[in-house]
Amino acid sequence: MKRLFLFPILSLLLSIPAFANTCPDEAFLGIESGDMTEKKARLLGFDNPYGSYVSRVIPHTAAEQAGLQAFDYIYRIDDKELSRNEDLVDILENYQPGDEVSVHFIRKGTKETVKVALGKYPLDWEEMDTEEGQAFLGVFETDRPEDAPSTGVAVEIIDDSAADAMGLQDGDIIQSINGYPMLDWEDITIAV
C-alpha cells in the first residue's frame, strides 16, 4: 500500500532549488507550479497540456497582486503559447522586472486574462515565504479500490485529524475540494 503523508514543509524544500539559482534582475511572476500530464489536461478540459498548473501563489508578489490563485492553469503569456519547447520560465526570460504582460489562464473551466506587472526575484528566499500556520487535513493517499470511480484520490484517515472530525473514512475517494477536481495527490496538497 502506497502511503504519502502531507507535510507542507516538503513543498517548501522542493521549491528552494528553483529560486536559489535565479538572477535577481530577471522578471518574476511569483508562483510555484507543476507540469501536467496529457491525461490530466484532457480530464480538466485543457487544450494545451504544456501550461503551468499553479500550486501556490507566493505572498507579496506580482501574481498575488494580480489575483492569480492555486489551480489556475496558465497557458499563454501575451501572444506566446506555452509549449513542449517553451515553458513559463522560458517565456518569462524575455521580460524584465516592471514589464506588464497579459497572463492567459483557465480558472474553473473559464478562460481569463489578467494584466501583471512582473516583479524581481527576491534576494533572499526567506522574503518569499511569509505564510504561517499551514493547514493539515489528516489524510494520506492509499491504493484505489478496483470498483472506485475513475477520478478522485483514495485516502486513509489519520486518527483525531480534521479529516476524522469531518467523518471521512479509510478508503473514501476525495473527488473535489472547494469546487476543484481532485485527480491526483498533487491536487490534494495544493488544496490543503
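Select Asp72 and Arg107: their side chains meet in a salt bridge at 2.7 Å, N to O. A salt bridge here is a side-chain nitrogen of Lys or Arg within 4 Å of a carboxyl oxygen of Asp or Glu. Asp72 lies in the loop between H3 and strand S5 (73-77) and Arg107 in strand S7, so the pair ties together parts that are 35 residues apart in sequence. Helices (H or I, at least four residues) and strands (E, at least two) are DSSP runs, numbered from the N terminus. Both Asp72 and Arg107 are buried, where buried means under 20% relative accessible area, exposed over 50%, and partly exposed in between (1.4 Å probe, protein chains only).

This is a predicted model, in which local features need pLDDT of at least 70, side-chain atom pairs count only at pLDDT 80 or more, and totals for chains, interfaces and linings use all residues. Residues are numbered from 1 along each chain as its sequence is written, and side-chain values use heavy atoms, with hydrogens and water left out.

**Next selection: Lys40, Asp184 and Asp187**

Salt bridges that share partners join Lys40, Asp184 and Asp187 into one network. Start with Asp184 and Lys40, whose side chains form a salt bridge at 3.0 Å, N to O. Asp184 lies in the loop between strand S14 (180-181) and helix H7 (185-191) and Lys40 in helix H2 (residues 38-44), so this pair links parts that are 144 residues apart in sequence. Asp184 is partly exposed, with a relative accessible area of 27%, and Lys40 counts as buried at 6% relative accessibility.

Asp187 lies in helix H7 and Lys40 in helix H2, so the pair ties together parts that are 147 residues apart in sequence. Asp187 counts as buried, at 0% relative accessibility. A search of the whole structure finds six salt bridges.

His60 is in the loop between strand S4 (52-57) and helix H3 (62-66). Check its backbone: His60 has a positive phi of about 65 degrees although it is not a glycine. With 61% relative accessibility, His60 counts as exposed.

Lys108 sits in the loop between S7 and strand S8 (110-117). Lys108 is not a glycine either, yet its phi is positive, at about 50 degrees. The residue is exposed, with a relative accessible area of 54%.

**Next selection: a charged patch**

Show the surface and pick Asp25, Glu26, Asp35, Asp87, Glu93 and Glu186, which form a negative surface patch. Patches are made of residues with over 30% relative accessible area and no salt bridge; like charges are joined within 9 Å, and nonpolar side chains (Val, Leu, Ile, Met, Phe, Trp, Tyr) within 5 Å. Asp and Glu count as negative and Lys and Arg as positive, while His and the chain ends are not counted. The place of a charge is taken as NZ of Lys, CZ of Arg, CG of Asp or CD of Glu. Of the patch residues, Glu93 lies in the loop between helix H4 (88-92) and strand S7 (100-107).

**Last view: the whole chain**

Clear the selection and colour by secondary structure: the chain has seven helices and 14 strands. Of its 192 residues, 40% count as buried. Residues 24 or more positions apart account for 57% of the contacts with a separation of 6 or more, a contact being heavy atoms within 4.5 Å.

Note on methods. Accessible areas come from the Shrake-Rupley method with a 1.4 Å probe; for residues, only the protein chains shown count as cover.
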